[in-house]
Amino acid sequence: MTAITSQGRRNAGWPRFGDWVVAVAVVLAFVETVLNYFFSFGIAYSAGALLVVISTLLILVALVTFRIWDSMPRWFAVVLGVLTLLDFVGTAIAGYFLEADLLVLLMLIALVAWLFTAFVRPRPMERIE
Amino acid sequence: MIVARTAFLLALVVAGPAVAQDASPTQDWYTFNGDLKADKYSNADQITPQNVGQLRTAWEVHTGDVSDGKNPNGPKASDWGATPLFVNNTLYVSTPFDRIFAIEPDTGKVRWTFDTKIKLVDPTQGELKNRGLSYWQAASPVAGQACQKIVYLGTMDGKVFAVDADSGQPCTSFGQNGILDINQWNTVNNKWPLSILQSPTVYKNQLFIGWSGQDWTQAVQPPGSLFAVDAQTGKLNWKLDTIPPDLDPKTGTSNVWSSMTVDAENNLLFIPISSPSPDYYGGDRQAPMPLSTSVTALNPDTGKVVWSYQIVHHDIWDYDTNAAPVLFDVKQADGTTVPALIQSSKMGFLFVLNRLTGKPIFPIEEKPVPQDVVDGDKASPTQPWPTMPEATTQDKFPGISKLADVLSGGYCSRTYAGLKDEGRFTPPSLQGSIAFPATVGGVEWGGGALDPTTNTYVVNSSDVVQIYKLLTRADYDKVNAGENIGQKNANGYFAMLGAPYGFHIETFLNPMGMPCWNPPYGTLSSYDLNTGKLLWKEPFGEVQKWGFYMPNSWGAVTIGAPVITKSGLIFIGASMDSRVRAIDVKSGNVLWKAQVDAPAVAMPAVYTYKGKEYVVFAVGGNSILEPKVADQLVAYALP
């Protein structure tokens, strides 16, 4: 995935460590939300549990989109990046009110890694191939 | 010491087997409220604030007796508020389908079941309700002889079943082949049959049987009555009528539909008496009815009234006295004690009275209240207003919730502006009146729990705002045209046939279903009853919507009650979030919680068996508040 701009992503040595953290955290979060929806006592089959299944799935879709669409227009990358950021935050908040602590933790980890990946520029030497 | 022992033996001789039960050193839970004093207190101290976090499910039973009421051809929704009994080394519990389960207390294995086989068609309540069992045993049970120990179950069709506690077989010497039908005594204004929701109270060799009905349907209804019958034969010993007989052509009810309390030491039976009919208009019942909406002390041998304290005068809010008073002894500063009781109420007021005389221990003022009633009625100029302990609910409308108001485009504030709100005891009106607290409480039928070693009293209470609206008979009939209005209780319409008005009640929600008033919606409070002071008050429970839990500070509406253990723990279900909790009695902090299948609207029972302490919850739900029902009986213990 990821940075909001696609420029330099390859040069930075994709996939970078932060990308992996985001990807793993979101995949785990998705699994967690699916398990919650079917099995979590108290919230199983609720609209809220379904909502976070969908929201984590959307994050996954966004990550895959970033990964495979090399020629993504900048404006689209910005819009998708902002929406993904909001999705991280919204899912974490929803997880908080569902009292799904693991989901909140995973979203926070993914969010921090996402922000790190998006806004911390790679050092110049990392661009040298 | 010798004096105390002599007094104890004398009490045994005078009072018989029920006193023997009350003085039992075992950690039984032998009445709905734990014991005859209704303090909901257990001497068990194995589970402590330090180790309660280790509680695990010890066993679980699903009775199969559950209905959500959605199948038009099936039974109505179940409403299971039955606190199990632990006595005779057995756990007994009844179900909303009117069956009895006898269960091994340490394994959950079912020893026997008894099926009353009554039709699952509720004649009065709109739901299949059950609030548990009663237990009696002979002073000296004869081994091998049946029905020396009896479990009683009251049913929705007004019958009391007596079943041998060891075998589960009917006690045929009781009533007719083990069944006593109290509707044989329903002879005055018998517009509807009597239903038994709450198990009878047992003391000495008598059962005290109260009942429920449909007090929203008619102006003239069966007058409230309490039946005292022989525990072994079901023979009627005496009957108390709570309405003066000359008022029978005008009114009715003031029945006893919840549990009762016994002071074995002073031979007194305390009964909470409900409001007269019709519930929300009193124009035809202006004559004094001193027992209506009262707590009343009786001589259990004769049924004679010893004293009565009316907690609402001329009740037009359906503020039934709805819970058994809790007995305790106030320890005064000079070292003396005063025998007392505390009566909780739907209004959130807590009345502390001398239980021998009915006189207030903490001052109760007669305060002027709003007088603007509809034509034909006349409000009481004053109402009793305890100065201490502090009420569980505030005196005024809690204010419009900005969140609910904004999200509904101002619906809440617009609606409120059109309603009458003069604070507590605002009478029902044609324009619609704010009722806060409303008929759902305040404190509901579970009442509070008391630690007799410290006189700490803990009680859960709801903060619910409802809108009371009277409709002229013509308007009512227009709205309910084509309906069976005599039985109608749908969509909040109460017929009150025979009165010049019908009635509509609704909870003050915005169109999204959010409460229009500020939280909290429910609290748990603790009081020092020696001083009457509030020790702590915390929002209790959580509102859950679409799976999301709302902030703890909101609390939740509760039905059910707490229990207290000697080790300083409160155990309580009650909340609509389907959780059961253990709370530190000193601080009010939640120390442990577990998810269950539905709201546990029965208070738990605490018992010790083979050296191990168990806390058991009947988890059944109450579909009036939350469309979630279950049939789960779950016991927790330390590993």
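The model is predicted, and local features need pLDDT of at least 70, side-chain atom pairs count only at pLDDT 80 or more, and totals for chains, interfaces and linings use all residues. Residues are numbered from 1 along each chain as its sequence is written, and chains are lettered from A and ligands numbered from 1 in the order in which they are written.

Chain A. I looked up contacts between residues at least 6 apart in sequence: 70% of them join residues at least 24 apart.

Chain B sheet. I noted an open sheet of four strands, ordered β13-β14-β15-β16, with antiparallel pairing (two strands pair if DSSP finds at least two bridges between them). Its edge strands are β13 (201-203) and β16 (236-241), each pairing on one side only. I then checked β15 (residues 225-230) of chain B, which is joined to β16(B) by five bridges. In this pair, Phe227(B) stands opposite Lys239(B) of β16(B).

Contact between chains. I looked up which residues take part: six come from chain B and 10 from chain A. The chain B side divides into three nonpolar (Ala, Val, Leu, Ile, Met, Phe, Trp, Tyr, Cys, Pro), three polar and no charged (Asp, Glu, Lys, Arg), where polar covers the others, Gly among them.

Note on methods
Two residues are in contact if their C-beta atoms, placed from the backbone, lie within 7 Å.
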